[in-house]
Amino acid sequence: MKHLPSILLCSGLCLASAAAVADTDLAVVNRIKDQAFNHSQVVDYMYYLADENGPRLAASPGYRRAANWAVDTLRREGIESARLDPFGTIGRSWAWSSVAVQMVEPQATSLNAVPLAWSAGTDGTLTAPVVFAPLWDDDEDPQQSDLVALAQRIETYKQQYAGKLDGHIVLLAPRRTFNLPSEPETQRWTTADLDDMKSARDPLLTDVYEWPLLKLPVDTDERWLQYEVVPAEIQSDYSGRHDRLMDRLIRFLNDEHAVAVMTTNTEGNGGVIFAESFGSHMASTSIPPPAVQLMPEHYNRLLRLLERDVPVTLSVNVEASFPEENAEGANVIAELPGKVKRREVVMMGAHLDSWHAGTGATDNAAGVAVVMEAMRILRTLDLDLDRTVRLGLWDGEEIGHLGSRAYVREHFGDPVSMTLKPEHETFSVYFNIDTGSGRTRGILTQANDMVRPIFAELMRPFEELGVTAIVPRNDWGTDHQAFDAVGLPAFDLLQDQLDYWSHTHHSNVDTVDHVLPQDLMVSAAFLAALVYDAATRDELMPREPLPPPLPEPKPLPEILRD
Ligand SMILES: [Zn+2]
């Protein structure tokens, strides 16, 4: 998932110290590198995950196919324990198969579009006039992330547009403003960038947060800082509430007989369609009218025509379906059993679900390929593992980290009450990867000082491959947060961003073409070495003190109550 570029963290790298190589088993690292570089399977894994089975929207048939493929493949590699691990109902499943948006008047032309997840299909081609009825005046409006302001705006919107949308295609987004590209669209971290990351969080910054969370800072740097300290449960509560507010708008659009909705995206520099959802997987919410995301240049053209009072008529055909109303979620779990400390567990994981506009190649088939490859390497080398090594491919990350959160609740504890389970005690560490296909350049420590010397030593044999950065900050926005929330050591890898934020993240060009196999190979080798070390070192990974239970939430303002 991840909403912000990691560059916003001006935080910490520490070059691996010159301390002795001590415990690192360089002979094993050598064998791991040989497997990763000379016998790699990552290209094959990418093909099956993205080209053949992508996209993999949570609860969709594509997700099921990919999860079954992962189980079969792990078993074929000799990991017999690979299995689907169902965790309960996700809600509606949704899939799309075609979209066509055509301008009929004033000029016949095709418009580039992607359907928004969980919105209805058109049931044939519909042709209708367009009306501009924006929810916000401009795409930067800070009130969009202020829940009270959003609720008030939806109420005003209803009064403003009652009786005016019937039979129309509603253009809901404001005009997209472009800043022409001024920076390279593909970037690797420079030495200076990595040096910048070594500073810890400013000690003067407060970690006070409200619960429930009612608004997010407008400034993206400030938003990052806030999300570093807001507990994961409170973050998901905020997004769930946001979805439920949007349901009020969707019900209004349905009541007013709007025939379709069009929006556009605020990411990127144009030409690419970034598309997530309009409506929700939750069965308690309404199914929206057919909704599509238009390429921003095409969307803006429609607005310029309407501004000059030129009527616009479009025809729209979307084939989308809801195969199940109560689809089950299922993670993929696989284990290599430990020999002398079998009950102690080291985990690595990546989310298997994706958005649906492209094939989910960089988000996050790339991470899944890396984790499966690291598992294959450990299995193939038949290394002696003291602790059990477990792989988790998570379902539903993009819609609220559903799979990893359910897994942590079932096995380790409840992050709200901090009631812990016996497996919490024998768990060592979880490693996560979820920032595209870029090469691993280091790791974020979640501000746990005790792991710094361990990671510094493990990076030394990977320095020449560019893996050097120890960032003493909290990462957020992906599955390690579920483990971190109950006080377990859990770390996300720092990766080069390449064109993840400028092009592929949740977009229609999230395809295998944007994946660099050599970067995945380096990440897989480093991850395998991290996991091997954690499974064989004397002690469990050092832990910080447990977080306290969450306080009772304050009552919600009246306007936000369901
Ligand atoms: Zn992701």
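I began with Val332 in this predicted model, and I count Val332 as buried because 26 C-beta neighbours fall inside 10 Å, where 20 or more are needed. I placed Val332 in strand β10, which covers residues 327–336. Leaving out residues up to four places away in sequence, I found that Val332 touches Ala67, Ala70, Val71, Ala82, Leu84, Leu352 and Leu393. I also looked up the pair Val332 and Gly392, which are 60 residues apart in sequence, with a C-alpha to C-alpha distance of 5.7 Å.

Next I turned to the domains. I noted that the protein chain is divided into domain 1 (6–16 + 41–93 + 329–536) and domain 2 (95–321), and that their C-alpha centres lie 29 Å apart. I then read off the contact between them, to which domain 1 brings 47 residues and domain 2 brings 40 residues. On the side of domain 1 that touches domain 2, I listed α3 (61–76), β1 (83–91), β15 (469–471), α13 (480–484) and α14 (500–504), each of which supplies at least two residues. Sorted by class, I have that side down as 24 nonpolar, 18 polar and 5 charged residues.

Which residues have the most contacts inside the largest nonpolar core? I found that this core has 148 residues, and that Ala369, Val371, Ala374, Ala524, Leu527, Ala528 and Val531 have the most contacts inside it. Helix α15 gives the most to this core, with 14 residues. Because domain 1 and domain 2 both give residues to the core, I place it between them. I then followed Leu527, which touches Met348, Val370, Val371, Ala374, Phe431 and Ile433, again not counting residues up to four places away in sequence. I also recorded a second, separate core of 6 residues, which includes Leu213, Leu225, Val230 and Trp476.

In α12 (residues 452–459), I marked Ile454, Phe455, Leu458 and Met459 as buried, and because they cover an arc of only 125° around the axis, I put them on the same side of α12. What covers these buried residues includes β14 (440–444), β15 and α15 (517–536).

Terms used:
Residues are numbered from 1 along each chain as its sequence is written. This is a predicted model: local features need pLDDT of at least 70, side-chain atom pairs count only at pLDDT 80 or more; totals for chains, interfaces and linings use all residues. Domain bounds come from an automatic or database domain assignment. Two residues are in contact if their C-beta atoms, placed from the backbone, lie within 7 Å. Helices (H or I, at least four residues) and strands (E, at least two) are DSSP runs, numbered from the N terminus. Ala, Val, Leu, Ile, Met, Phe, Trp, Tyr, Cys and Pro count as nonpolar, Asp, Glu, Lys and Arg as charged, and the others, Gly among them, as polar. A residue is buried if 20 or more other C-beta atoms lie within 10 Å of its own, exposed if 12 or fewer, and partly exposed in between; C-beta atoms are placed from the backbone. The arc is that of the directions from the helix axis to the C-beta atoms. A nonpolar core is a set of buried Ala, Val, Leu, Ile, Met, Phe, Trp, Tyr and Cys residues joined through C-beta atoms within 7 Å.
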